[in-house]
Amino acid sequence: MALPVAEWQARTARLWAALETAVKERMATASLHDAVRLGCDLLREEEAALRRLCHRARTAKELEAASWYREQGNREFKRGQYQAALRLYSKAASHELPGSPEVSVCFANRSAALLHLGHFEVCLEDIARAESHGYPDRLLPKVLLRKAECLLCLERLQEAQDILRVLESKIALDGVMTTHLTRLKKLSQLKVKLGEKERCPEPAQEARGGIQGEPEVWEENSRISGASSSLSLRFDAERGRHLVASQDIVPGQSLVKEEAFVSVLCPGDSLPVQDGDTAWDTRATNADLYCHRCLRQLLASVPCQGCSYAKYCSQDCADMAWQQYHRTECSLGALLLTLGVFCHVALRTVLLAGFAEVSRLVEWSHHGDKNLQNAEARCKPLSDAGAGSRGIPGCGSNGQYQSSYQALFHLLPHTEQHSPEHKFLCTLSVVAICKQLQAAGLEAAVLNQESPQWSKPKTYEKTSDELSPELKTVAEAMLRHMLQLQCNAQAITVMQELGPGDGAVVDKKPVRLATAFFPVLSLLNHSCCPNTSVSFSGTAATVRASQPISSGQEVLHCYGPHWCRMRVAERQQLLSQYFFECRCRVCLEELESGVKSMVSIRNSFCCPKCQAQMQGEENTLCCSNEACATSASRDHLSGRLQELQQQIKKALELLRVGKADQAIKMLLKCQMDAGTFLSPEHLLMGEMEDHLAQVYATLGEWQEAARHLKKSIEIVEMHHGPSSVEAGHELFKLAQILFNGFAVSEALSTIQRAEGILSVHFGPQSAQIQELQEMKACLSELPRNILQRT
């Protein structure tokens with residue numbers, strides 16, 4: 001959730017409504033500096049209510065929760081549900097106290113699940129964690145046997161034999177353990193004799209490393225950090241800072257590679273606990289699945305030692321996060337979850353920047369903000385060395401634009417254009433964080449983020465209700481960043497598998513993983529018909545050209561509303577949050593011509609009698625075929641559409657629980673119903689074809705699955721274009737189906753098409769490209785006579 005929880009938004013709205021007119025006017029016109037000071041006075045009566053809201057976000061360690069999660073993990077383990085057990089043991093470990101025997105048991109239990117899942121290297125890491133946290137000596141033989149088995153499967157035979165010798169020297173084992181030890185000793189002897197002839201399965205993370213794509217050619221720009229030398233930075237009063245091509249650019253060419261200056265994991269949805277329910281949730285959210293620092297997918301998380309919320313992919317990530325920001329954030333977890341991701345990003349930004357730099361720029365802004373609106377003062381070309389503050393905002397004194405806090409600080413907050421109510425909500429939220437920092441004794445931790453040359457501020461005598469001048473400076477910077485995020489927040493997305501992910505055909509969709517500041521990426525202006533594509537790997541963003549860009553042409557990015565996905569009126573409405581009216585080519589064409597957009601035509605209702613398009617702006621729609629003249633209520637047809645979507649959801653739920661035959665019947669019925677009132681090109685028609693392909697693939701009916709998916713691809717290409725990323729994902733699924741169905745020649749040609757599209761959007765090193773290349777290599781190794789017959 002980007003903004004605070006609904007209850008806090010409602011409370012601040014009521015408080016705003018109750019304010020005197022004079023106070024509202026002061027807040028509406030206040031500078032960031034004055035807004036913070038006004039917010040300090042107005043927050044007092046709401047602090048108790050905010051504390052009550054924070055009690056719902058449980059981020060402290062709870063031993064009762066640890067015990068409950070461990071029991072649930074044991075139950076899933078006994079049922080053979082090792083993936084579920086793995087996540088439950090991780091939840092248990094996050095609630096245990098560091099260094100306790102209980103946390104060592106969690107790691108040991110988790111190592112057993114990892115062994116069954118074939119993650120041998122990670123299993124060894126968990127065993128080492130269990131030992132380092134004081135795993136009980138009486139239970140040690142069990143994990144040592146597990147360690148030996150992992151080493152055998154990894155073919156580290158000498159180490160496995162050493163472990164077995166240690167076990168032999170232990171005190172007498174019971175009969176069951178002795179039997180197990182004997183089995184492992186025999187297996188070890190067999191492995192030594194067989195050598196390379198008998199191999200156990202490779203660890204999951206090492207199983208797919210054989211094929212590498214071609215390395216990308218990259219020459220970095222000497223003036224813009226992380227940008228290609230084929231770009232240059234420009235400024236004008238209408239478009240502000242923007243990037244243009246300094247030479248002709250081809251599709252797939254990398255234009256920007258940038259690490260986020262700051263990123264915060266979006267926690268994911270969690271349903272409220274009902275009366276009588278347990279206080280703990282077994283479902284996995286983003287907070288359980290991804291590292292809270294580097295955003296890598298978690299397998300066996302390393303929990304924070306102070307809270308139950310933050311989880312990391314390694315001890316190194318945990319240590320770096322603690323040093324950089326988490327030592328300050330750790331005890332504020334419940335408050336940060338209550339006040340939303342934008343507030344969290346704002347706090348982490350100032351912690352990473354350091355108080356010295358924050359203070360310098362905030363002080364500068366008190367005198368320099370007027371110059372930010374002065375086009376003549378900002379319009380110096382980047383080549384003017386030493387332009388400094390007189391050049392393009394965000395550039396250093398050497399005329400270079402770095403992915404730095406200075407560049408981030410110069411992103412426009414649009415203070416005057418935000419609604420007074422929104423500005424009030426943001427102000428009270430950042431002031432609440434700074435008051436909590438002060439009350440928790442964390443002020444020194446915030447102020448010690450500075451460079452060594454910075455001297456510690458003098459002690460400020462204050463009442464418990466008043467913020468120190470330093471924390472008011474922090475609050476002012478945070479408020480600036482929170483307002484900036486509405487126009488400059490970048491969603492880091494990841495392709496996430498739908499369903500268990502253990503089928504022959506893996507369906508994925510993009511989900512929002514984190515919110516971040518990318519100073520260089522923020523230079524790209526919006527177009528509803530962009531010429532770039534953005535992809536992410538962890539906290540790094542890569543911008544690639546999605547179509548040819550001529551020298552001198554502006555490089556453009558889509559902020560969300562794309563012309564293929566919605567009508568111009570809907571796009572303009574969504575873009576209003578960015579405080580500009582889009583005047584891109586497709587918007588102007590649709591607005592000036594008055595012609596109905598292809599999105600409306602393709603996603604239209606059709607006549608139930610003659611299947612011609614239904615048209616009309618009011619509730620009553622009429623058939624476009626004059627000879628038919630059938631009319632229907634828009635509300636009635638919309639109701640049928642919603643009912644159809646619910647039936648499709650039920651069909652997919654049947655598939656999820658293994659009732660594929662029933663799912664097919666329901667989807668085919670949905671398809672027949674849809675044909676009576678939806679355009680044949682409607683996106684939902686394509687989605688149903690995709691779902692049918694998925695069900696038939698589950699049953700191993702590859703030809704039928706391919707037939708339906710090809711129909712889906714036709715509709716996707718109509719809406720999004722044959723070179724779109726959506727078409728690439730559909731072709732990737734078709735390649736999987738044809739590969740599994742042994743349709744060799746068609747699979748090879750589909751792989752080639754999918755590679756061509758996906759490499760433009762994601763680059764040659766992406767996971768999907770690697771998988772396509774592995775399929776191609778496998779098919780190419782088949783005997784020539786088979787290739788000729790298929």
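## Helix packing and selected residues in a predicted model

Leu295 is buried, with a relative accessible area of 4%. Buried means under 20% relative accessible area, exposed over 50%, and partly exposed in between, using a 1.4 Å probe on protein chains only. Leu295 sits in the loop between helix 12 (286-289) and strand 5 (302-303). Its phi is near 70°, a positive value in a residue other than glycine. Most residues other than glycine have a negative phi.

This is a predicted model, in which local features need pLDDT of at least 70, side-chain atom pairs count only at pLDDT 80 or more, and totals for chains, interfaces and linings use all residues. Residues are numbered from 1 along each chain as its sequence is written, and side-chain values use heavy atoms, with hydrogens and water left out.

### The chain as a whole

The chain has 32 helices and 15 strands. Helices (H or I, at least four residues) and strands (E, at least two) are DSSP runs, numbered from the N terminus. Of the 790 residues, 50% count as buried. Among contacts between residues at least 6 apart in sequence, 65% join residues at least 24 apart. Contact means heavy atoms within 4.5 Å.

Two packed helices are described by the angle between their axes and the distance between the axes. Axes here are lines fitted to C-alpha atoms, for helices over the stretch in contact, and angles run from 0 to 180 degrees between N-to-C directions.

| Helix pair | Angle | Axis distance |
|---|---|---|
| Helix 25 (residues 634-656) and helix 26 (residues 660-675) | about 165° | 8 Å apart |
| Helix 27 (residues 683-698) and helix 28 (residues 702-720) | about 155° | 8 Å apart |
| Helix 29 (residues 725-740) and helix 30 (residues 744-762) | roughly 150° | within 8 Å |

Take helix 25 and helix 26, which pack at about 165°. That angle makes helix 25 roughly antiparallel to helix 26. Angles under 35 degrees count as roughly parallel, over 145 as roughly antiparallel, 65 to 115 as roughly perpendicular and the rest as oblique. Helix 25 passes helix 26 in a left-handed crossing. A crossing is left-handed if the near helix is turned anticlockwise from the far one by less than a right angle, and right-handed if clockwise. On the helix 25 side, the contacting residues are Arg640, Leu644, Gln647, Ile648, Lys650, Ala651, Leu654 and Leu655. Helix 26 supplies Ala660, Gln662, Ala663, Met666, Leu667, Cys670, Asp673 and Ala674. By class, this contact has 11 nonpolar, 2 polar and 3 charged residues. Ala, Val, Leu, Ile, Met, Phe, Trp, Tyr, Cys and Pro count as nonpolar, Asp, Glu, Lys and Arg as charged, and the others, Gly among them, as polar.

Helix 27 and helix 28 are also roughly antiparallel to each other. Helix 27 passes helix 28 in a left-handed crossing. Residues of helix 27 in the contact include Leu683, Met685, Leu692 and Tyr696. Among their partners in helix 28 are Trp702, Leu709, Ile715 and His719. The contact of helix 27 with helix 28 has 10 nonpolar, 5 polar and 4 charged residues.

Helix 29 and helix 30 cross at roughly 150°. Helix 29 is thus roughly antiparallel to helix 30. Helix 29 passes helix 30 in a left-handed crossing. The contact includes Val725, Leu731, Phe732 and Phe739 of helix 29. From helix 30 it includes Ile751, Arg753, Leu758 and Phe762. By class, there are 13 nonpolar, 4 polar and 2 charged residues in this contact.

### One face of helix 4

In helix 4 (residues 47-54), Ala49, Leu50, Leu53 and Cys54 are buried. Seen down the helix axis, the buried residues fall within an arc of 145°, so they line one face of helix 4. The arc is that of the directions from the helix axis to the C-beta atoms. The cover over these buried residues includes helix 1 (6-18), helix 14 (333-339) and helix 19 (420-439).

### Further residues

His414 lies in the loop between helix 18 (405-409) and helix 19. His414 is not a glycine, yet has a positive phi of about 50°.

Asn488 belongs to helix 21 (residues 469-488). Asn488 is buried, with a relative accessible area of 13%. Leaving aside neighbours within four places in sequence, Asn488 is in contact with Leu411, Leu412, Ala516, Phe517 and Ser522.

Asp635 is found in helix 25. Asp635 is exposed, with a relative accessible area of 54%. The C-alpha atoms of Asp635 and Leu621 are separated by 9.8 Å, and the two residues are 14 apart along the chain.
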